[in-house]
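Hi,

Here is the structure I said I would pass on.

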Amino acid sequence: MSLGSFVYQNVTRRFSTLFLASAAGAYIMNYTFNTATDAYWNSMNAGKQWKDVRVRLQE
């Protein structure tokens with residue numbers, strides 16, 4: 001059984017399972033994209049953000 005026929009038989013034949021699969025995929029994609037962009041932002045702005053500056057100002 002190939003991957004395409006497996007997906008067709010188990011996901012896309014019924015609208016409810018297709019809807020749930022796309023909703024879950026959108027949620028996972030949103031979480032992954034937000035995590036990746038936050039990590040990139042924090043690495044590019046290290047030392048310039050309030051969480052980094054606050055420690056130096058309290059000393």
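**What I found**

Phe 15 is exposed, as its relative accessible area comes to 65%. You'll find Phe 15 in helix H2, which covers residues 15-44. Before you go further, keep in mind that this is a predicted model.

On confidence, the mean pLDDT of the protein chain is 92, and 100% of its residues reach 70 or more. Among the elements of the chain, H2 has the highest mean pLDDT, at 97, while H3 has the lowest, at 87.

Now back to Phe 15.

Gln 49 itself sits in the loop between H2 and helix H3 (50-58). Is Gln 49 buried or exposed? Gln 49 counts as buried, because its relative accessibility is 14% and the cut-off for buried is under 20%. Leaving out residues up to four places away in sequence, Gln 49 touches Trp 41 and Asn 42. With Asn 42 there is also a polar contact between the side chains, at 3.2 Å.

The loop between H2 and H3 also holds Gly 47. At a relative accessible area of 35%, Gly 47 is partly exposed, whereas Gln 49 is buried. Which residues does Gly 47 contact once its neighbours within four places in sequence are set aside? Those are Asp 52, Val 53 and Arg 56.

Last, the surface near the start of the sequence. Met 1, Leu 3, Phe 6 and Val 7 together make a nonpolar surface patch of about 460 Å². One of these, Leu 3, belongs to helix H1, which takes in residues 3-12. Leu 3 counts as exposed, because its relative accessibility is 65% and exposed means over 50%.

That's what I have for now.

Cheers

How values were computed
Residues are numbered from 1 along each chain as its sequence is written. This is a predicted model: local features need pLDDT of at least 70, side-chain atom pairs count only at pLDDT 80 or more; totals for chains, interfaces and linings use all residues. Side-chain values use heavy atoms; hydrogens and water are left out. Patches are made of residues with over 30% relative accessible area and no salt bridge: like charges are joined within 9 Å, nonpolar side chains (Val, Leu, Ile, Met, Phe, Trp, Tyr) within 5 Å. Accessible areas come from the Shrake-Rupley method with a 1.4 Å probe; for residues, only the protein chains shown count as cover. A salt bridge is a side-chain nitrogen of Lys or Arg within 4 Å of a carboxyl oxygen of Asp or Glu. Helices (H or I, at least four residues) and strands (E, at least two) are DSSP runs, numbered from the N terminus. Buried means under 20% relative accessible area, exposed over 50%, partly exposed in between (1.4 Å probe, protein chains only). A polar contact is a pair of N or O atoms within 3.5 Å; within protein, one must be able to donate a hydrogen and the other to accept it, and residues adjacent in sequence count only if both atoms are side-chain atoms. Contact means heavy atoms within 4.5 Å. pLDDT is the predictor's confidence in each residue, from 0 to 100.
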